[in-house]
Amino acid sequence: MQPKGNNKLVLVDFDGTITKNDVGALLFDSFSGEKSKKIVSEWLKGKISSKECLQKECELIEITKTQLKNFALSQKIDEHFPHFVDLCKREKMNLVILSDGLDYYIEIILQKYHLEDIPFYSNTLRFAGKKLVPEFPYFERGCGNCGNCKKYHLKNLRRPKQKVVYIGDGFSDKCAISEADFIFAKNDLKSFCEKERISYFKFKDFRDVILVFSREMETFGLIKSKIQKAKCKIAIRN
Ligand SMILES: [Mg+2]
Ligand SMILES: [Zn+2]
């Protein structure tokens, strides 16, 4: 689906970026007695794909629909994110959520905060009794490593010459940022950008993102030094 609007395409990761916790990681950690940690470390080392990682994590746990729903409902989002959503609406920017997590909890959390209008693309979840069966509707179109490759969605959603802003916090965002014009990064994604010498805006929460957007709106993307300047301003503020 092509988002409506003429301005920028703003792509945002879900787990740990919109939500305070990495909801997926916390879910599997809590319900597997932390057995999932070993699987995740294999993925982080590049030994298994994120698709395999999610499949193996799902195999580890048993959970009812109600338990998973309650777990999702207990999760909180960054309190500044709704203001960022308003900013995107005001500026007619197309905001889309890209996640390598599962639709079931994303939907519940977005509904909890009345944000269900934001389109999102993720892996999907099917319940088989108390077992979770992840499904990967976009896998074939991706890089072969990600369950839901964000780079595929970026390329698919982007209109000709449209500038793309990418906001994320982790390794599942790596594929997408090579194609993005502006990157907002924290945590593992920030370390990755540092290591690969990729320019980015650092952020702690959406208050920082809003700050950069409002200060740099007109020249965003035109002058690289502006990006550095904004980064410095934030560094000073923090
Ligand atoms: Mg994340
Ligand atoms: Zn990928």
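**Note on helix packing and the sheet**

1. Helix 1 (residues 23-32) packs with helix 2 (residues 36-44) at an angle of about 140°, and their axes are 8 Å apart. Axes are lines fitted to C-alpha atoms, for helices over the stretch in contact, and angles run from 0 to 180 degrees between N-to-C directions. Helices (H or I, at least four residues) and strands (E, at least two) are DSSP runs, numbered from the N terminus.

2. This is a predicted model, in which local features need pLDDT of at least 70, side-chain atom pairs count only at pLDDT 80 or more, and totals for chains, interfaces and linings use all residues. Residues are numbered from 1 along each chain as its sequence is written, while chains are lettered from A and ligands numbered from 1 in the order in which they are written.

3. From helix 1, Ala25, Phe28, Asp29 and Ser32 meet Ser36, Lys37 and Val40 of helix 2. Contact here requires C-beta atoms, placed from the backbone, to lie within 7 Å. By class, the contact of helix 1 with helix 2 has 3 nonpolar, 2 polar and 2 charged residues. Nonpolar covers Ala, Val, Leu, Ile, Met, Phe, Trp, Tyr, Cys and Pro; charged covers Asp, Glu, Lys and Arg; the others, Gly among them, are polar.

4. Helix 5 (residues 81-90) and helix 10 (residues 206-216) pack at about 25°, with axes 8 Å apart. That angle makes helix 5 roughly parallel to helix 10 (under 35 degrees is roughly parallel, over 145 roughly antiparallel, 65 to 115 roughly perpendicular, and the rest oblique). Phe81, His83, Phe84 and Leu87 in helix 5 meet Phe206, Val209, Ile210 and Phe213 in helix 10. The classes in this contact are 7 nonpolar, 1 polar and no charged residues.

5. The chain has 11 helices and 7 strands. Two strands pair if DSSP finds at least two bridges between them.

6. Strand 1 (9-13) pairs in the parallel sense with strand 2 over 5 bridges, and Val10 stands opposite Leu95 in strand 2. Strand 1 also runs parallel to strand 5, joined by 4 bridges; there Val12 stands opposite Ile167.

7. How many residues of strand 1 are buried? The count is 5 of the 5, so strand 1 is largely enclosed by the rest of the structure. Leu9, Leu11 and Asp13 point one way, Val10 and Val12 the other. A residue is buried if 20 or more other C-beta atoms lie within 10 Å of its own, exposed if 12 or fewer, and partly exposed in between, with C-beta atoms placed from the backbone. Of the 238 residues of the chain, 40% count as buried.

8. Strand 6 (residues 182-185) is covered on both faces: Phe182 and Phe184 are buried on one side, Ile183 and Ala185 on the other. Strand 6 pairs with strand 5 in the parallel sense over 4 bridges, and 2 bridges join strand 6 to strand 7, also parallel. Ala185 is the bridge partner of Gly168 and stands opposite Lys202 in strand 7.

9. In helix 7 (residues 150-157), the buried residues are Lys150, Tyr152, His153 and Leu154. These pack against strand 1, strand 2, strand 3, strand 5 (164-168) and helix 8 (174-177).

Notes
Two residues are in contact if their C-beta atoms, placed from the backbone, lie within 7 Å.
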